[in-house]
Amino acid sequence: MLIRIPRGWQIPERQATAESAYLNRRQILAAMALPSILPAANRNPQFTLDRPLTEEWAATSYNNYYEFSTNKQEIRSLAKGFKPRPWTVEIAGACAKPQVWSIEDLETKMPIEERLYRHRCVEAWAMAVPWMGFPLSELIRRAEPQAGAKYVRFISVNRPEEMPGIRYSGNYPWPYYEGLRLDEAMNPLAFLVTGIYGKPLPNQNGAPLRLALPWKYGFKSIKAIVRIELVSQQPETFWNKAVPTEYGFFANVNPKKPHPRWSQAVEQLIPNMERVATQPYNGYEKWVAAMYKGSEI
Ligand code: MTE
């Protein structure tokens with residue numbers, strides 16, 4: 001692995017110098033009255049857990065994005081030619097008000113805020129990322145789900161011409177797709193992301209729109225979303241279709257439930273690979289456990 005190990009990155013998040021640095025940057029930009037496509041995003045402290053903030057260079061150069069590559073460290077450069085604008089996302093299916101949103105309208109009309117979330121991959125690495133975006137429930141609510149809507153299906157963009165991984169891994173069931181139960185999608189933690197570290201979302205992190213579901217393994221946090229459908233049946237998911245024995249639908253972080261090929265009891269923090277104990281629901285139990293009462297998912 002070619003990861004640089006920086007000195008002194010491991011500061012507690014409450015001292016987060018990165019925060020003051022980019023808040024400052026924003027204030028300076030505002031004072032200069034420069035036009036910016038980014039509305040100011042205040043951090044919502046409500047869901048913040050004590051975990052050192054991952055440095056921006058690490059979160060933007062160690063990625064999973066199979067449409068580009070299976071090699072985490074080459075995704076950033078392979079994604080340079082991807083065009084995240086113009087972009088629209090369609091909300092359709094069992095709803096009274098199906099709608100199409102441009103990314104600019106989402107960025108300016110939705111209540112954009114910043115959330116510092118843990119990000120735990122099923123491969124047992126983890127980060128803490130300051131995402132900017134808005135609750136998924138805001139979008140779904142506006143579409144007015146009908147009684148038959150029990151699940152939500154998400155579909156990624158399918159652009160083999162800009163995404164070499166689609167061309168070279170033809171046996172995967174492209175485009176990438178994911179799903180949530182409606183109550184999970186409406187949970188306040190479910191977050192649609194338009195930016196990170198106070199900047200527009202980089203291509204390699206899922207520009208211009210991706211999910212962040214911090215209590216679930218990262219593969220549920222689908223990138224480059226073009227379509228959201230309200231459906232009556234539990235939808236198929238990309239990884240369950242590709243490897244049904246290894247990846248289920250709910251995929252809640254659970255240290256007691258090993259992956260068929262490795263333990264999930266411990267995770268390693270990117271970039272220095274410090275080992276920390278994995279927590280049930282990735283530490284978000286108090287916000288989400290009630291949704292799974294009586295079931296082992
Ligand atoms: N979304 C799409 N469209 N394609 C992918 O390959 N990988 C998932 C998820 N979303 C993936 C995706 C996985 S396995 C993880 S861990 C996260 O994105 C990684 O997000 P990050 O690169 O921003 O850390």
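## Ligand contacts

An oxygen atom of the ligand lies 2.9 Å from an N or O atom in the side chain of asparagine 63. Lysine 223 places a polar side-chain atom 2.7 Å from a ligand oxygen. Serine 221 uses its backbone: one N or O atom there is 2.9 Å from a ligand nitrogen. The protein buries 98% of the 530 Å² that the ligand exposes when taken alone (Shrake-Rupley accessible areas, 1.4 Å probe).

This is a predicted model, where local features need pLDDT of at least 70, side-chain atom pairs count only at pLDDT 80 or more, and totals for chains, interfaces and linings use all residues. Residues are numbered from 1 along each chain as its sequence is written, and side-chain values use heavy atoms, without hydrogens or water.

## The shell

There are 17 residues around the ligand, and Tyr66, Glu67, His119, Ser221 and Lys223 come nearest (a heavy atom within 4 Å). By class, the shell has seven nonpolar, seven polar and three charged residues. Tyr and Cys count as nonpolar, Gly as polar.

## The pocket

The ligand sits in the second largest pocket (more than half of its atoms within 2 Å of the grid points). A pocket is an open set of points on a 1 Å grid where a 1.4 Å probe fits, with protein on both sides within 12 Å along at least five of seven lines; lining residues have an atom within 4 Å of a point.

The volume of this second largest pocket is about 440 Å³. Among its 30 lining residues, Asn64, Tyr66, Cys121, Tyr176 and Phe219 are closest to the centre. The lining has 17 nonpolar, seven polar and six charged residues. Strand S4 (residues 125-135) gives the largest share, four residues (strands are DSSP E runs of at least two residues, numbered from the N terminus).

Technical notes
Points joined across faces, edges and corners; volume = space filled by probe spheres on them. Polar contact = N/O pair within 3.5 Å; in protein donor to acceptor, adjacent residues only side chain to side chain.
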